[in-house]
Amino acid sequence: MSRVSLFVTCIVDQLFPKVGIAMAEVLERAGFEVDFPEEQTCCGQPAFNTGYRAETRDVARHFLRVFRDAEYIVIPSGSCTGMIEQHYPELFKKDPVWLEQVNRIRPRIWEFTKFLTEVAGVEDVGARFERVVTFHDSCHALRQLGIKDGPRRLLANVRGLTLREMTPAEECCGFGGTFAVKFPDLSTAMAKAKVDAIAATGAEYVVGVDASCLMQIQGALSRARLPIRTIHIAEVLAQR
Amino acid sequence: MPEAYEQAIGAALSDEKLQSAVYSSTARLMNKRKEVVAAGVLPDYQELREQARAIKKHTLDNLDYYLEQFEARVTANGGRVIWARDGDDVVDFLTGLAKEKGSRRVVKSKSMTTEEIELNGRLEREHLEVVETDLGEYILQLAHQRPYHIVAPALHLTRYDVADLFADKLGVEREVEIEKQTMIARRVLREKFLAADIGISGGNFLVADSGAVVICTNEGNGRLATTLPKIHVAIAGIEKVIPRAQDLPTFLKLLGRSATGQPLTVYTSFLAGPRREREADGPEEFYAVLLDNGRTKLLADRAKRESLYCIRCGSCLNHCPVYRKIGGHSYPWVYSGPIGAVITPQYQGLLHDAWLPFASSLCGACAEVCPVKIDLPKLLLALRSEIVKSRAAGKGTTLERLAFRAWSWVMRHPGVYEMLGSAASAIAGDGGIPAPFRRGPLGAWLKGRDLPAIPQRSFRQMWRARKGS
């Protein structure tokens, strides 16, 4: 039995703990031994995207130490996975010792749905969720990791679930990390465009692979007093 | 962010008519592009992008060689190359030329490079008459506005806006039909073409092995502007050179498709020197002005050199959720959208428009459609880091830097991290976040969005309980 180490991300740890629990349950049902290295915190993306590379490197080294011996590292976020997979090499390009650590860990880093479909080879996790949902393609999952069909195949096998695609599903929700608070009006305007697309589908739930995008969308949905809820795909897949 | 831009962005966001004009125009361009790059229509689209990028990389890595080759070929064709350090050099050359030839009337075809150096206003101050002949550019010249978009300069205006403008500026009857508006412009511009002494064009590509300037246009005005007047002056950035004529198809297949969803632009003109004997038309004199204006500074920066690969198709603007919201006039320079955010600070100085590279959610839609595969998000991130560094060098430690230092320390001390998380959760409690905390970043968030309910226990606390049970 393979061992899977969860990197739940700081946002799930602090704000959406149920997403992490749901992910653990799905992975255990799929036959994996799941552990949670307790020293973990954040991947460093907030500082990196704001331009603070030295501060990011310190946090990245901490991550690399914590997960040094993990067999698989599974993450409920395309964005944090992309950060480690695609930006860590850039961060440590002048530091051969840590670059080697990065290159050792990169093949073991997996976004949750990609891990299910590509490593575990599971598309039907035995879930049941009798709801009408729409799916938001998170930008980094889609464009950095090529995640498009995987989550949809997983959803297609959820009993009772109806997927109604929004147009366009691939347009950014406007979160963008510190962008969301540096340019609040712009970020909110982008979220509103997304909310309009969601509302047009008539779905009860918006499903996504990134808690941060879902927080942005939920924030705009509830401000607009719409009854639609966001839900992380791990929580959908954990429903029975 | 300077207040002027904050206001411009705020005004754009709250202008519903503008929002719908920009949103629908860009959506149309996106859809048309998608149709013509689809695998069934253009199976080698991705290979073409790779190839175009490789050609640009090779050319810019050997730019001196190809520029000199281009100059030699232009000279052999009977034309002349003018090397211009900046806009002043271009204006000096053109005013000198006009004086020498006794010319006063200039017609122009569309060129972003001349917009970049604000050529029209500067020539007018030298008492030359300059008339834009591209319909969109002509509309903007009448409206005294700068281009809203690299490819579609008047994208933000509706036909009703144009009807008002023509009635006001040209003294014609208010006409809302686009075909009839075109005929009005055509009538006015035809006279200008026939009377002009000098025709100015841009250059989409400068072909080194043949000394040809290639321009891609849709309205035919480019051909008139470059062949009717006795003198043709093409003005292009030095990065526009490509090695060989046989490299052109790669770019031509990508440019029209990426820009407007056309397999090719309606006109692709090859302009190589003055009229030769037995040729029916063409100018008597041909000049190619090669403009630096900061490009060599970008060239010297290997990490960001790819900023110069841009072929100005405008596709990144159309696909950018930020551009589609704030529009072209919220940007500080003539180049808007993701490519504008990347090149403006590099040309104008890093701290001049320092907010610009931060005004992006880094969604990556731009890089996905860029025909020369410029990694725009990577460049934005690099610029953010450089801006933060150079701010620190200038003003010392900022509050933001202190915050990120503290954050970084906390993230390396899981015990402290957990304690702070619990404290925040306790403060938020059942009644939500208390008023004194609803400021700064949190206040910014709450301006237009609600926050999720803060859970009582973090994941790690739930995990421990789960393990213990």
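In the predicted model, helix H7 (residues 112–120) of chain A packs against helix H9 (residues 149–156) of chain A at an angle of about 75°, and their axes lie 9 Å apart. Because angles of 65 to 115 degrees count as roughly perpendicular, H7(A) is described as roughly perpendicular to H9(A). On the H7(A) side, the residues that meet H9(A) are Thr113(A), Lys114(A), Leu116(A) and Thr117(A). Their counterparts in H9(A) are Gly150(A), Pro151(A), Arg153(A) and Leu154(A). By class, this contact of H7(A) with H9(A) comprises three nonpolar, three polar and two charged residues.

Chain A is divided into domain 1, covering 3–119, and domain 2, covering 123–238. Taken over C-alpha atoms, the centres of these two domains of chain A are separated by 22 Å. Domain 1 of chain A contributes 29 residues to the contact, and domain 2 of chain A contributes 26 residues. On the side of domain 1 of chain A that touches domain 2 of chain A, at least two residues each are supplied by helix H1 (10–14), helix H2 (17–29), helix H3 (45–50), helix H5 (78–91) and H7 of chain A. H2(A) gives the most to this side, with seven residues. The residues of this side of domain 1 of chain A divide into 13 nonpolar, eleven polar and five charged.

The contact between the chains takes 50 residues from chain A and 48 residues from chain B. Several helices of chain A each supply at least two residues of the side that touches chain B, among them H1, H2, H3 and helix H4 (53–66). Also included are helix H8 (139–145), helix H10 (179–182), helix H11 (184–199) and helix H12 (211–223) of chain A. The side of chain A that touches chain B is made up of 24 nonpolar, 15 polar and eleven charged residues.

In soluble globular proteins, nonpolar side chains tend to be buried together. The largest nonpolar core of the model holds 187 residues, of which Val289(B) and Leu376(B) touch the most other members. Helix H18 (residues 376–395) of chain B gives the most to this core, with eight residues. When neighbours within four places in sequence are left aside, Leu376(B) is in contact with Cys316(B), Pro338(B), Ile339(B) and Val342(B), and also with Cys366(B), Ala367(B) and Cys370(B). A second, separate core consists of 14 residues, including Val22(B), Leu135(B), Tyr138(B) and Leu189(B).

Note on methods: Residues are numbered from 1 along each chain as its sequence is written. Chains are lettered from A and ligands numbered from 1 in the order in which they are written. This is a predicted model: local features need pLDDT of at least 70, side-chain atom pairs count only at pLDDT 80 or more; totals for chains, interfaces and linings use all residues. Axes are lines fitted to C-alpha atoms, for helices over the stretch in contact, and angles run from 0 to 180 degrees between N-to-C directions. Helices (H or I, at least four residues) and strands (E, at least two) are DSSP runs, numbered from the N terminus. Angles under 35 degrees count as roughly parallel, over 145 as roughly antiparallel, 65 to 115 as roughly perpendicular and the rest as oblique. Two residues are in contact if their C-beta atoms, placed from the backbone, lie within 7 Å. Ala, Val, Leu, Ile, Met, Phe, Trp, Tyr, Cys and Pro count as nonpolar, Asp, Glu, Lys and Arg as charged, and the others, Gly among them, as polar. A nonpolar core is a set of buried Ala, Val, Leu, Ile, Met, Phe, Trp, Tyr and Cys residues joined through C-beta atoms within 7 Å. A residue is buried if 20 or more other C-beta atoms lie within 10 Å of its own, exposed if 12 or fewer, and partly exposed in between; C-beta atoms are placed from the backbone. Domain bounds come from an automatic or database domain assignment.
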